[in-house]
Amino acid sequence: MLAFLIQRVLQAIFVMFVVALISFSLFHYVGDPVLNMLGQEATEADRAALRAQLGLDQPVVVQFWNFIVNAAQFEFGISYRSARPVTDLILERLPATLELAIISAIFAVVMGIVLGIYTALRRRSWLANFIMTASLIGVSLPTFLIGVLLIYIFAVELGILPAFGRGETVRIGNWWSTGLLTASGLRSLILPAITLGLFQLTLIMRLVRAEMLEVLSTDYIKFARARGLSKRVVHLRHALKNTMIPVITIIGLQLGTIIAFAIITETVFQWPGVGALFITAVRFVDVPVMAAYLMMIALVFVVINLVVDLLYYAVDPRLRAQGGGK
């Protein structure tokens with residue numbers, strides 16, 4: 001177990017190093033930060049002073065090392081557009097993105113597993129066939145189109161849900177704000193959460209269904225039925241447990257994807273999250289914000305993959321047997 005954990009941590013460190021190198025490259029190949037901050041009217045002395053202040057007059061190796069050290073402390077410099085610390089900008093918008101991503105993930109995982117189990121156990125029923133047919137919508141339609149359709153139906157035509165914004169929020173602590181404690185915040189969260197989680201839901205549902213059908217046809221399930229065990233015990237204790245082993249990995253990757261691709265949903269619904277901040281940074285070539293976003297998304301994927309690997313190791317006895325054999 002210890003060797004397995006050390007191996008995964010070393011892989012995670014290597015991935016973060018590569019992402020840090022890519023993020024650092026943005027500072028040298030995407031515009032001139034000094035020119036963007038001071039404009040064309042600045043004197044050469046002003047530009048030299050700002051370069052020294054930003055550390056851009058140092059060798060590239062020294063700059064990269066300083067970038068890694070600062071990134072490890074969650075310090076990404078000053079935004080070129082707003083002249084504020086990038087960390088403060090991200091912390092202001094991070095609660096909105098995490099709130100949307102967590103609700104979307106819960107919606108996708110719970111509904112995906114439940115519908116996947118139902119369509120596998122009742123695969124010949126008309127409802128299961130309808131669910132599988134309807135799931136093609138979530139797989140085939142792009143996220144932004146799903147969002148626009150939901151806005152048109154529930155906000156424009158029916159007028160029962162808001163079309164944009166986060167609603168009223170409540171401040172908790174120094175930097176966390178939530179809309180889960182207000183009625184308008186909860187109503188504003190429904191459409192973006194469904195839009196962001198629908199693709200993941202259909203993917204998880206189809207995967208659970210396929211794995212469940214495969215497990216139900218194995219010999220040990222037939223043996224369990226021959227022993228006279230009830231359907232609930234066979235399906236939920238034996239079949240579902242083995243079904244979830246490969247599903248865990250996919251679910252973990254999809255959770256990271258939800259956070260990474262919340263950009264589209266936040267843009268459609270004007271959700272004040274980190275994704276919308278990144279879009280604005282790209283528009284104005286705000287390199288520190290872009291680099292910080294890349295590092296944050298990479299860290300999310302690395303942490304999720306590490307947790308998934310540990311969970312996979314815990315639930316799959318074959319990996320533990322291999323580790324013990326070594």
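In this predicted model, the largest nonpolar core has 47 residues, and I90, Y293, M295 and M296 make the most contacts inside it. A nonpolar core is a set of buried Ala, Val, Leu, Ile, Met, Phe, Trp, Tyr and Cys residues joined through side-chain atoms within 4.5 Å; buried means under 20% relative accessible area with a 1.4 Å probe, protein chains only. At least two residues of this core come from each of several helices, among them helix 1 (2–29), helix 5 (86–121) and helix 13 (287–315). Helices are DSSP runs of H or I, at least four residues long, numbered from the N terminus. Helix 13 gives the most, with 14 residues. Apart from this core lies another, of 17 residues, including I204, M212, A224 and V247.

M295 is in contact (heavy atoms within 4.5 Å) with M16, V19, A20, S23, F67, A71 and F76, leaving aside neighbours within four places in sequence.

An unreviewed UniProt entry places transmembrane regions at residues 12–30, 100–121, 133–155, 175–199, 247–271 and 291–315. Such annotations may be inferred rather than shown by experiment. Residues 100–121 are 100% helix, with end C-alpha atoms 32 Å apart. Residues 133–155 are 91% helix and 0% strand, and their end C-alpha atoms lie 26 Å apart.

Residues are numbered from 1 along each chain as its sequence is written. Local features need pLDDT of at least 70, side-chain atom pairs count only at pLDDT 80 or more, and totals for chains, interfaces and linings use all residues; side-chain values use heavy atoms, with hydrogens and water left out.

How values were computed
Buried means under 20% relative accessible area, exposed over 50%, partly exposed in between (1.4 Å probe, protein chains only).
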